[in-house]
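This report describes a single protein chain for a reader who works with coordinates.

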Amino acid sequence: MVEKQDEMKALLLKAKEEILAGINKALKSGSETNTGEPTGDIYDQASSERDRELGLLLNDRERDKLRQIDEALLRIADGEYGICEECEEEIPLGRLKVMPFARFCVRCQSDMEKLQAQTRRVEEERSYREVSFGEEEEG
């Protein structure tokens, strides 16, 4: 078990370094290309803005991944790493190698995602009904 945790800790630290290097590279290239003055026509400006927004979105994902990695490192330090937070069974090594910051086993993760999808669908249906009724009342 200790060997597994050492291997996973090394994987997590390597992933963290790669993410930080990628973010730093993106920040440097973004600061070099962003002069603050609009250039080109409106289509070029729109494309540049879309690229900037996409970059920010990716940075949000990377920050979230960094947070998950840091939490996994804390679980290793606390001796709780590799245990499913839902069923408290051991998470298989294969899953941890693919996703070293996994908090749930495949079965529990799948169950949670199904529940989230059902909840989202019910909320969307409720929103749709509210919009439909609201439009009929106005007409």
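## Basis and terms

Helices (H or I, at least four residues) and strands (E, at least two) are taken from DSSP runs and numbered from the N terminus. The model is a predicted one, in which local features need pLDDT of at least 70 and side-chain atom pairs count only at pLDDT 80 or more, whereas totals for chains, interfaces and linings use all residues. Residues are numbered from 1 along each chain as its sequence is written, and side-chain values use heavy atoms, with hydrogens and water left out.

## Overall fold

The protein chain contains four helices and zero strands, so that from the N terminus on its elements run α-α-α-α. Of its 139 residues, 18% count as buried, where buried means under 20% relative accessible area, exposed over 50% and partly exposed in between (1.4 Å probe, protein chains only).

Contact is defined as heavy atoms within 4.5 Å; among the contacts with a separation of 6 or more, 55% are between residues 24 or more positions apart. The protein chain exposes about 10,800 Å², of which carbon and sulfur atoms supply 51%, with accessible areas from the Shrake-Rupley method and a 1.4 Å probe, only the protein chains shown counting as cover for residues.

## Annotated regions

An unreviewed UniProt entry places the feature "zinc finger region: dksA C4-type" at residues 84-108. Over residues 84-108 the chain is 36% helix and 0% strand, with the end C-alpha atoms 8 Å apart.

The UniProt annotation "domain: Zinc finger DksA/TraR C4-type", also from an unreviewed entry, covers residues 79-114, and over that stretch the chain is 42% helix and 0% strand, with end C-alpha atoms 29 Å apart. UniProt positions are given in the numbering used here, feature names are shortened, and such annotations may be inferred rather than shown by experiment.

## The second largest pocket

A pocket is an open set of points on a 1 Å grid over the protein atoms alone, where a 1.4 Å probe fits, with protein on both sides within 12 Å along at least five of seven lines; lining residues have an atom within 4 Å of a point. The second largest pocket has a volume of about 210 Å³, the volume being the space filled by probe spheres set on grid points that are joined across faces, edges and corners.

Helix H2 (42-78) and helix H4 (106-138) each supply at least two residues of this lining, and the largest share, three residues, comes from H2. The lining includes Arg 67, Gln 68, Glu 71, Phe 101 and Phe 104. By class it divides into four nonpolar, two polar and five charged residues, with Ala, Val, Leu, Ile, Met, Phe, Trp, Tyr, Cys and Pro counted as nonpolar, Asp, Glu, Lys and Arg as charged, and the others, Gly among them, as polar.

## Individual residues

Lys 4 is found in helix H1 (residues 2-33) and counts as buried because its relative accessibility is 11%. Not counting residues up to four places away in sequence, Lys 4 touches Glu 90, Ile 91, Leu 93 and Leu 96. Gln 5, also found in helix H1, counts as buried at 15% relative accessibility. Leaving aside neighbours within four places in sequence, Gln 5 is in contact with Ile 76 and Tyr 81, and its C-alpha atom is separated by 9.0 Å from that of Gly 79, 74 residues apart along the chain.

Glu 88 is found in the loop between H2 and helix H3 (93-98) and counts as exposed, at 63% relative accessibility. Although Glu 88 is not a glycine, it has a positive phi of about 65°. Most residues other than glycine have a negative phi.
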